[in-house]
Amino acid sequence: MGSVKMPSPFFWISTMALFTLSVAATVHQVGDSSGWTTLIPVDYAKWASSQKFHVGDSLLFKYNNTFHNVLQVTQEQFKACNSSSPAASYNSGADSIPLKRPGTFYFLCGFPGHCQLGQKVEVKVTSASSSHLPAPSPSPGPSPSPMGGPSASAPTPSAASTPSSYFFSMLCLSLEFALLYFVVV
Ligand SMILES: *[C@@H]1O[C@H](CO)[C@@H](O)[C@H](O)[C@H]1NC(C)=O
Ligand SMILES: *[C@@H]1O[C@H](CO)[C@@H](O)[C@H](O)[C@H]1NC(C)=O
Ligand SMILES: [Cu+2]
């Protein structure tokens with residue numbers, strides 16, 4: 001008790017296992033820090049192509065529900081911005097939608113004109129068995145330290161194109177290291 005020890009193999013195995021789990025269940029905030037909106041023109045197709053969606057992940061739609069909602073629709077309804085008979089609808093303003101199976105899923109805002117303004121997103125979900133690790137592209141700016149302080153939690157608009165899943169993974173990794181440090185020592 002109180003003596004400083006080298007981390008045991010258990011430490012490394014646990015860390016790797018927890019890291020794998022944290023990466024496997026990514027929360028994809030739609031539109032990153034811009035959220036689900038028409039005020040700022042967000043290219044949701046571009047956002048979706050910056051993400052890797054796997055079974056077990058979830059989508060997070062954040063918006064002011066006075067002005068927006070989230071409707072899950074078919075491909076045909078998506079193309080036509082038809083919100084008359086959605087398969088599912090959400091209006092909490094912070095909707096977490098689990099991605100339970102592989103396939104392509106279509107969402108749009110049902111408020112008049114919003115879908116036509118581009119408030120629609122198509123998400124291609126692949127099975128959980130494929131590779132989870134996002135390819136970290138070299139960033140020209142200062143990269144966040146994995147052990148960085150809580151002040152680094154608010155993503156800046158310039159970082160909006162970086163996959164939010166990467167930051168989430170790094171955050172989880174930091175927390176796991178901190179937790180396991182106290183468990184082992
Ligand atoms: C939504 O917007 C309205 C009008 O701007 C505002 O009064 C309300 O507080 C907002 N709601 C949330 C949850 O931000
Ligand atoms: C919208 O979708 C519904 C249900 O699929 C369909 O009955 C209706 O004709 C569609 N409306 C338009 C304008 O495409
Ligand atoms: Cu809307």
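In this predicted model, the copper ion (ligand 3) is coordinated by ND1 of His68, SG of Cys109, ND1 of His114 and OE1 of Gln119, at 2.0 to 2.2 Å, where donors are N, O and S atoms within 2.8 Å of the metal (3.2 Å for Na, K and Ca) and sites may look incomplete since water is not among the atoms. The 4 donor atoms subtend angles of 98 to 134° at the copper ion (ligand 3), which makes the arrangement tetrahedral, a label given to four donors if all angles lie between 85 and 135 degrees. Along the chain, the donors of this ion follow the spacing H-x40-C-x4-H-x4-Q. His68 lies in the loop between β3 (58-62) and β4, and Gln119 in the loop between β7 (103-108) and β8 (120-126), so the pair ties together parts that are 51 residues apart in sequence. His68 counts as buried at 6% relative accessibility, and Gln119 is likewise buried, with a relative accessible area of 0%; buried means under 20% relative accessible area, exposed over 50% and partly exposed in between, with a 1.4 Å probe and protein chains only.

The secondary structure of the chain comes to 4 helices and 8 strands, these elements being DSSP runs numbered from the N terminus (helices H or I, at least four residues; strands E, at least two). Read along the sequence, the pattern is α-β-α-β-β-β-α-β-β-β-β-α, and 33% of the 185 residues of the chain count as buried. An open sheet of 5 strands has the order β2-β8-β7-β4-β5, with mixed pairing, two strands being taken as paired if DSSP finds at least two bridges between them. Its edge strands are β2 (53-54) and β5 (88-90), each of which pairs on one side only. Strand β4 (residues 70-73) runs antiparallel to β5 and is joined to it by 3 bridges, with Val70 standing opposite Tyr90 in β5.

Strand β3 is mostly covered, 4 of its 5 residues being buried. It pairs in the parallel sense with strand β1 (residues 27-29) over 3 bridges, and His28 stands opposite Leu59 in β3. Strand β6 (residues 94-98) runs antiparallel to β3, the two being joined by 5 bridges, and here Ser58 stands opposite Pro98 in β6.

His28 is also joined through its side chain to that of Gln51 by a polar contact of 2.7 Å, that is, a pair of N or O atoms within 3.5 Å in which, within protein, one must be able to donate a hydrogen and the other to accept it, residues adjacent in sequence counting only if both atoms are side-chain atoms. The side chain of Gln51 makes a further polar contact, of 3.2 Å, with the side chain of Ser50. Gln51 is found in the loop between α2 (44-49) and β2 and is buried, with a relative accessible area of 5%. The C-alpha atoms of Gln51 and Val123 are separated by 9.1 Å, although these residues are 72 apart along the chain.

Residues are numbered from 1 along each chain as its sequence is written, and chains are lettered from A and ligands numbered from 1 in the order in which they are written. Local features need pLDDT of at least 70 and side-chain atom pairs count only at pLDDT 80 or more, whereas totals for chains, interfaces and linings use all residues, and side-chain values use heavy atoms, with hydrogens and water left out.

Conventions: Tetrahedral: all angles 85-135°; square planar, octahedral: opposite > 155°, others 65-115°.
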